[in-house]
Amino acid sequence: MRPSIIRKLSLIYLFTIICLVLFGLAAVQNVERLRASTAAGAHNQALISQLQTLLIDLLDAETSVRGYVASGREEFLASYRTALAAVPAALAGLSTEIATPAQRTRLAALQETTDQELDALRLVAESPRAGAPAATAVDLLRSSKSAMERARALIDDMTAAERGTFEHDQAAALTSQRLMLEALVGSGLVVVALSLIVGASVLRDLRWRLALLADGARRLGEGELAHRVAIAGRDEISGLARAFNRMAGRLQDSNTALDAFAYTVSHDLRAPLRAMQGFSKALLEDFADQLGATGRDYASRVVAAAARMDELIQDLLAYSRLSRTDMALGPVPLEDTVDTILSRMQGVIGERKAAVTVERPLPVVRAHRATLQQCLINLVNNALKFTAPGAAPEIRIRAETRDGRVRCWIEDRGIGVAPEHHERIFRVFERLHGSETYPGTGIGLAIVKKGAERMDGQVGVESAAGQGSRFWFELREGNAAA
Amino acid sequence: MMASDFTILLVEDNPDDVLLIQRAFRKANLVNPISVVDDGEKAIAYLSGSGEYADRSRYPVPVLVLLDLKLPRKSGHEVLSWIKQHPALKRLPVVVLTSSTETVDVNQAYDHGANSYLVKPVGFDDLFAMVKTLQPYWMILNQKPDMEGQ
């Protein structure tokens, strides 16, 4: 079973949509991660600057105490006093913001170290008032300096750690961005490739099956009514094929019905005609004496009427057969065909004392032999028939080839056709003359037109009243070698 | 010559056509007795000498069958293929005489082994001419087959 085309295409769309949704989710997640890493980066930077401020405060405090020791002036203690308040505050701030265990350990150490330094500095700063000896002040300053050195090392470690975290976060954000880009390009490529593959297969399949359908329509159009399109499956195209086959089936059915009708006409309608004709003839032959002149006239009229009706039925049958017969076209030599029909019509040609010229050679045309013969017979018959009373018909048959098409002319010097009638005369039952002067069924030219059309051709006439007529039919040139 | 040597069997359901064909035979001075049956089943009964046709002196095996195609009960095509498959009758000349000019009918008749296919003309003169040629062709010129031999 062939899956529906719409379903195939829907699958591609579905896949594309799934890809897009997944990508969208990844993008949202990535943006969230980027935002978080930016926030974390800002936090890191803030911590680093707080640590640096703390270091500067500590240095300032130490410097200010040293200045006080060297000068003995209280004013040098300003920075020390600021630090005394700022350092514990800074440490408290850091302890609320630092979460990682390693940093907390370092912070605790830092706290201890700064306490030691500040304690040492406090002792020095308070000493002149307490009268502490200078030697003690130097020891205290040394211990403060060493605490200061440890605090600096700890702050450097912490800064480095924060910077490391920051750099790690930045790198992770970059990696995630790169990954997302790769996923976008990759899924895009997969979607494009999949669309191309499925699309190409759908297209190829579609083209192949449409070609089958087109071929089926062409063959049906050419009258091959038994032809069916072999397309299985349950998609849209096979639905079309099934509808096409149903249509062809109904066409074939109605054609069969038409055949049966034509058969009935040809068989049953003619039987009573035979009886009318036969028994009138028997009356005329076996009972001529009893009938009298009028009786014989009536009986002759019955005979003639039956003959006319038979002709009419035959022409109608020929006309309807043209529409329904399978007409296989092939190369037919026009010259042979003309010779055949002329020899078949020898009787009537001799009777009318007609002069028929054929301009040889005549080309090969693409035609259906019997139909071509019928068309030629009807045209030559008309040329023989439509002459001025008493005049001997002169007929010329010639052909010209142009652009792969052959136009065959049947020209006479008869009574001609006025231009306003040129189109009408090719219609069924159209007659220009009373049946007394030019008897006929009015179907002959309609047969020629229908026949030519069934053979991919056309018919026409060039004529004026009293000027003779030049009837033509045009067919495709036949390939003589084929 | 006995009647049994040159009887013609006419299978025709239209009495008008029967009369006209008989008249044409008379006019052509053909003296062959014509046996007439008016449907396909009777034609087969006649030819196999069964039922009412058992008396071969009254209903002799014909030398020629003139067979219409459109017949009641059994069509001319069916009668034709029955004759051509019958071991004792398969060489009996059968001339289809019908009004159908359809190619399907013509081809099918020949496929079933018809010896000739004639279209009933509407004009009596043409029918007369046709009957007149039947006599010399099928009764005189045509070499008759040995019906019994293998």
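Guide: With a term: a crossing is left-handed if the near helix is turned anticlockwise from the far one by less than a right angle, and right-handed if clockwise. α7(A) passes α9(A) in a right-handed crossing. This is a predicted model, in which local features need pLDDT of at least 70, side-chain atom pairs count only at pLDDT 80 or more, and totals for chains, interfaces and linings use all residues. Residues are numbered from 1 along each chain as its sequence is written, and chains are lettered from A and ligands numbered from 1 in the order in which they are written.

Visitor: At what angle do the axes of α7(A) and α9(A) cross?

Guide: At roughly 55°, with the axes coming within 10 Å. That makes α7(A) oblique to α9(A); angles under 35 degrees count as roughly parallel, over 145 as roughly antiparallel, 65 to 115 as roughly perpendicular and the rest as oblique. Axes are lines fitted to C-alpha atoms, for helices over the stretch in contact, and angles run from 0 to 180 degrees between N-to-C directions. Helices (H or I, at least four residues) and strands (E, at least two) are DSSP runs, numbered from the N terminus.

Visitor: Which residues of α7(A) meet α9(A)?

Guide: T337(A), V338(A), T340(A) and I341(A) do, and their counterparts in α9(A) include L372(A), L376(A) and V380(A). Contact requires C-beta atoms, placed from the backbone, within 7 Å.

Visitor: On to the sheet. What is the strand order?

Guide: In chain A the order is β2-β4-β5-β7-β6, an open sheet of 5 strands with mixed pairing. Two strands pair if DSSP finds at least two bridges between them.

Visitor: Which strands stand at the edges?

Guide: β2 (355–358) and β6 (458–463) of chain A; each has a single partner strand, so one side of each is left without a neighbour in the sheet. β6(A) pairs with β7(A), residues 469–476, in the antiparallel sense over 6 bridges. Within that pair, Q458(A) stands opposite E474(A).

Visitor: Which strands does α9(A) touch?

Guide: Helix α9(A), residues 369–385, packs on the sheet against β4, β5 and β7 of chain A, its direction making about 25° with that of β5(A). Helix α10(A), residues 444–454, lies across β6 and β7 of chain A and runs at about 135° to β6(A).

Technical notes: Contact = placed C-beta atoms within 7 Å.
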